[in-house]
Amino acid sequence: MGQFLMPSLGADMEAGTLIEWLKEPGDAVASGDLLAVVETQKGAIEVEAFEEGTLEEYLIEIGKKVPVGTPMAMIRVEGEVEVKKVTEPEVPKQETAAPESAPTTPTPAPRPKGDRIRITPAALQLAQSKGIDPRTLGDIGTGPDGALTLADIEAATPSPASPTPVNPMDGMRAAIAAAMSRSKAEIPHYYLAHTVDLTAAQAFVDHTNANRAPDERLLLGALYLKAVAKALRKYSEFNGYFSDGSFQPASAINPGMAITIRGGGLVAPAILDAESLDLDAMMASIRDLAGRVRAGRFRATELSDATITVTSLGERGVDQLFGVIYPPQVAIIGVGTPRPQPFDVNGEVQSCLTTTLTLAADHRVSDGHRGALFLRAIDKHLQKPEKL
Amino acid sequence: MTETEILLRAELRRIAPDIEIEEIDRDEDLREEFDIDSLDFLNLVTALGKALNAPMPEADYAKMGSFNEMLSYLTQKTT
């Protein structure tokens, strides 16, 4: 029997609130399946199962906030015998006159005529604590053999005081505050900026999009991410984590893409293995991630998997930004708003579409010299968009 | 209100539910008024193109600058 635990979705997370189950008891569960949605300081996050088997039973109710590591559900692993969770409630053996009205004090539920109530122990406990007589609920059990489960009791409870209200924005602000304070206190940042000619990149995007339907079009953002991913292959000291006093380079290149959330806050979930994606696949990933973030749905691992962050101000921003590294990462690339500027092209000043790339990096891990080469490598890749 | 305007309002509300259409300047930059980025705008164009069965070429983006410009562009495409 395996337990499905409240995961730790970041070093600063102490507890999470269960807001939705995505599987029902009796459902088959494969490793990687999304099992539940958990509200954390970073917003609503879908949580995956790490075991294969059958979802046996919910252990906590929706709306409940529990510490990291708390079992939330039982998963019966393939081959295990089904545990008979459904036990007969402790009742006197004699047929007792069932009270006509619901008892005001919790009493053991007597047996109905000839048939036993099928109810899980946890559900019975909940029913008793709420003063609900399970026999009055009828055939609403959704557990094994129609047993009443926690969720059934919860659903049958006449609109209880709603669970502790969660204000995700306050949590989001607090999460950003914690991470950024830690970053500024611990990480000796250094900053570099480099102006890049985007003429070739923009022409490539325009040309590519000219005959494409809107849902197949590229944005410059896909080119930035790919150029960064390619440059990181050579400049691996910007891709990884600083923890326990040393730098561990990451083998995968998973740039986190900073996505603003309307109403405040932002998250930077990872685009996995970005170097292997062609521009269309990159664009599909961007659309998918941004769409899910805005719908409040992204996976826990997508946040912790990021090995560097890329943040772009988009088309209606300002010239440059100086990022704050998201610990335990060691670098953040900023992309300013593209705008036409006088730019030297082969000795002649022309009006070119340009952007300013910035790098904030951890001086414990790298030096400005390498940082400069890294930014120039990104620039070089952006000059040959057809090769990205 | 024309059907096209109802559609445009609905798609904008889906992307920017926090912005009241009555409170924006309909002649100002649509993206700034609704605080939408290039991906939001692309999603808007995608949705409108699908709903109206119009190609919405990128070369026409300049004609979709403000709410009013977008509306007259769409109206022109549907009549």
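How many of the five residues of strand S17 (residues 331–335) of chain A are buried? Five of the five are buried, so strand S17(A) is largely enclosed by the rest of the structure. Here buried means under 20% relative accessible area, with exposed over 50% and partly exposed in between (1.4 Å probe, protein chains only).

The model is predicted: local features need pLDDT of at least 70 and side-chain atom pairs count only at pLDDT 80 or more, whereas totals for chains, interfaces and linings use all residues. Residues are numbered from 1 along each chain as its sequence is written, chains are lettered from A and ligands numbered from 1 in the order in which they are written, and side-chain values use heavy atoms, with hydrogens and water left out.

**Strands of chain A**

Chain A has eight helices and 19 strands; helices (H or I, at least four residues) and strands (E, at least two) are DSSP runs, numbered from the N terminus. In a regular strand the side chains alternate between the two faces of the sheet. In S17(A), A:Ala331, A:Ile333 and A:Val335 point one way, while A:Ile332 and A:Gly334 point the other way.

Two strands pair if DSSP finds at least two bridges between them. Strands of a sheet pair through backbone hydrogen bonds, either parallel or antiparallel.

| Strand pair | Sense | Bridges | One bridge pair |
|---|---|---|---|
| S2(A) and S7(A) | antiparallel | three | A:Thr17 and A:Lys65 |
| S16(A) and S17(A) | parallel | four | A:Thr311 and A:Gly334 |
| S17(A) and S19(A) | antiparallel | five | A:Ala331 and A:Ala361 |

Strands S2(A) and S7(A) belong to an open sheet of five strands, ordered S7-S2-S4-S5-S15 in chain A, with mixed pairing. Strand S7 (65–67) and strand S15 (298–299) of chain A stand at the edges with a single partner strand each, so one side of each is left without a neighbour in the sheet.

**The two chains**

Of the 388 residues of chain A, 45% count as buried. Contact means heavy atoms within 4.5 Å; among contacts in chain A between residues at least 6 apart in sequence, 64% join residues at least 24 apart.

Chain B comprises four helices and zero strands. Buried residues make up 48% of its 79 residues. Of the contacts in chain B with a separation of 6 or more, 51% involve residues 24 or more positions apart.

**The interface**

At the interface, 25 residues of chain B are in contact with 16 residues of chain A. The area buried between the chains (accessible area, 1.4 Å probe, that two parts lose on being put together, summed over both) is about 1600 Å², and carbon and sulfur atoms give 45% of this area. B:Leu39, B:Leu42 and B:Glu58 supply 36% of the area that chain B buries against chain A, more than any other three residues.

The interface holds six salt bridges, each defined as a side-chain nitrogen of Lys or Arg within 4 Å of a carboxyl oxygen of Asp or Glu. B:Lys50 forms a salt bridge with A:Asp215, with the closest N and O atoms 3.1 Å apart. The elements giving two or more residues to the side of chain B that touches chain A are helix H2 (30–34) and helix H3 (38–52) of chain B. The largest share of that side, eight residues, comes from H3(B).
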